[in-house]
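Please keep the sequence and the model in view while reading.

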Amino acid sequence: YFRIIPELLTQEIEFKSGAIDSYGVQPHQVARYKQDTSYQTFSSSGFGYSYIGYNNRNPLFADKHVRRALGMAINVDAIITYLLYGEGEQITGPYPRQTEWYNSAIKPLSYDPEGAQRLLEEVGWQRNNDGWLEKDGQLFEFNLITNNGNLIRSNIMTIAQDAWKTIGVNCNTQVFEWAVFLKDFINTYNFDAVVLGWSMGIDPDLFQIWHSSQTGKRQLNFVGYENSEVDRLILRIRREYNKEKQVKMTRRLHQIIARDQ
């Protein structure tokens, strides 16, 4: 039998009472189970990742240096420690870390708010009298959205908002019901930035998510990422049967996406 139990605490209570046999345990619940000698705990890397996606069609995010600065302003280690209770790790590219496609040589962005501020200044953003970044009369202001029912995503959104405020970026946040979120914003790419996640497999083919031909409405490259070398690599990877050559190309693909943020 499959039961729908929306409330996270109710799921845990029903599991502990024996009323259900399994459920999707949240990180903060894992921490409680580890302290309960009635249970054994096992942890391994999953195939999913959470991310902040910037709409590349928006001139605000067109420069990869801006995207890099926004990433440098966020303390990802704090997210892993306080939101995921250690049940997570920082990654740098779209492949699962435990696969051979993942490029372990790529280092994560360092948490460096001051460096982020300098990088934004280099591309023309300066603080105005109110403390907000401004360029050619335009404020650095945008909306960050996510779907309801996911506490981790909504908390990531709040952490990002606070982090960006410290470097002079004015970020407004909104949470929408899932169907509305998809229909009115994601499928029509009517957004500035989103907090979402992907659950990946072990196949190295990233065509649907990262190829520039997939940036239309109701397609999966809804952030509008376009890179001609990435396009070529994606097509070559899905046609290549020599694994060593595939690995070399996937790691190059990983490197470019990490560089472009």
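A salt bridge is counted where a side-chain nitrogen of Lys or Arg lies within 4 Å of a carboxyl oxygen of Asp or Glu. By this rule the structure has ten salt bridges. The model is predicted, so local features need pLDDT of at least 70 and side-chain atom pairs count only at pLDDT 80 or more, while totals for chains, interfaces and linings use all residues. Residues are numbered from 1 along each chain as its sequence is written, and side-chain values use heavy atoms, with hydrogens and water left out.

**Salt bridges**

- Side chains of opposite charge can pair when their charged atoms come close.
- Glu-12 and Arg-32 form a salt bridge whose closest N and O atoms are 2.3 Å apart. Glu-12 belongs to helix 1 (residues 8–17) and Arg-32 to helix 2 (residues 27–34), so this pair ties together parts that are 20 residues apart in sequence.
- Helices (H or I, at least four residues) and strands (E, at least two) are DSSP runs, numbered from the N terminus.
- Glu-12 counts as buried at 3% relative accessibility, whereas Arg-32 is partly exposed at 36%. Buried means under 20% relative accessible area, exposed over 50%, and partly exposed in between, with a 1.4 Å probe and protein chains only.
- Arg-238 pairs with Asp-205 in a salt bridge, the closest N and O atoms being 3.1 Å apart. Arg-238 lies in helix 9 (residues 228–239) and Asp-205 in the loop between strand 7 and helix 8 (207–210), so the bridge ties together parts 33 residues apart in sequence.
- Arg-238 is partly exposed, with a relative accessible area of 40%, and Asp-205 is partly exposed at 28%.
- Asp-260 forms a salt bridge with Arg-259, with the closest N and O atoms 3.4 Å apart. Asp-260 is buried at 7% relative accessibility, while Arg-259 is partly exposed at 37%.

**Nonpolar cores**

- A nonpolar core is a set of buried Ala, Val, Leu, Ile, Met, Phe, Trp, Tyr and Cys residues joined through side-chain atoms within 4.5 Å.
- The largest nonpolar core has 34 residues, of which Phe-140, Phe-142, Leu-144 and Trp-164 touch the most other members. Among the elements that give two or more residues to this core are strand 5 (141–147), helix 6 (151–166) and strand 7 (193–199). Helix 6 gives the most, with six residues.
- The contacts of Phe-142 include Leu-60, Phe-61, Trp-164 and Val-169, not counting residues up to four places away in sequence. Contact means heavy atoms within 4.5 Å.
- A second, separate core of 30 residues includes Ile-145, Phe-185, Leu-196 and Ile-234.

**Glu-229**

- Glu-229 lies in helix 9 and is partly exposed, with a relative accessible area of 27%.
- Glu-229 touches Arg-252 and Ile-256, not counting residues up to four places away in sequence.
- The C-alpha atoms of Glu-229 and Lys-165 are separated by 34 Å, and the two residues are 64 residues apart along the chain.
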